[in-house]
Amino acid sequence: MATKDRLGRRLIQLYAGLALYGASSALLVEAGLGLEPWNVLHQGLAELTGLTIGVVSIIVGAAVLLLWIPLRQRPGLGTVSNVFVVGIAMDGTLALVPEVHSLAVRVPLLLAGIVLNGVATGLYISARFGPGPRDGLMTGLHRRTGRSIRLMRTAVEVAVVVTGFALGGTVGIGTVLYTVSIGPLAQLFLRVFDVPSASGGSTVVAEGQPRGAILRR
């Protein structure tokens, strides 16, 4: 019974975290003061293609997941769920939240988005159902090249931000604030939401999150 309760809690944390991650990212989009690195790219591609940012997020996530094959990364339930749930939650939140123009509203919206993103990260990572596609890409590159995760993440995200900005994605004070604050926030909420691991593994999940990879985040 204890094992079933633990699994139930982990599933709730996984999907609550992924949904909240998408919703918090949507708040950053609405604030218009700068996005987290990958969403700069998603927004730029959305501007280029006419697709919604959530749909672009799903497409990019699926494409990144394909890169796991040569990197010999193994996805978990959380990895596949991440691809779809975050994008759907982002588009759903953007459809519900009205446009804001006043800086007095946009700044609190930005701050709320960053904090909630940290909460979401702590929730879904602590569930231990496998890393997100982009996080697994970093750990895969780290294993294949021998370079540090920090270097791999920095190199990829600089390229992502530059490309996204060139395509019309929003880079601003929010991007900087997110980058410097999301690591400590995620670290805090990882401790808050941590679920003790069971003695036995599961055939459905991928235990052992690359926590160090997330914490740019």
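I began at G50, which takes a positive phi of about 85° just after helix α2; helices here are DSSP runs of H or I with at least four residues, numbered from the N terminus. I noted that this is a predicted model, in which local features need pLDDT of at least 70 and side-chain atom pairs count only at pLDDT 80 or more, while totals for chains, interfaces and linings use all residues. Residues are numbered from 1 along each chain as its sequence is written, and side-chain values use heavy atoms, with hydrogens and water left out.

Next I turned to aromatic pairs, meaning rings of Phe, Tyr and Trp (its six-membered ring) with centres within 6.5 Å, stacked if the planes are under 30 degrees apart, edge-to-face if over 60 and tilted for the rest; the structure holds 2 of them. The rings of Y21 and Y124 have centres 6.1 Å apart and planes at 85°, so I recorded this pair as edge-to-face. Because Y21 lies in helix α1 (residues 2-31) and Y124 in helix α6 (residues 103-126), the pair ties together parts that are 103 residues apart in sequence. Both Y21 and Y124 are buried.

The rings of F189 and F193 have centres 6.1 Å apart with planes at 20°, so this pair is stacked. F189 and F193 are 4 residues apart in helix α9 (residues 173-193), which means that about one helical turn separates them.

Definitions and conventions
Helix = DSSP H or I, 4+ residues; strand = E, 2+ residues; numbered from the N terminus. Buried < 20%, exposed > 50% of the residue type's maximum accessible area, 1.4 Å probe, protein only.
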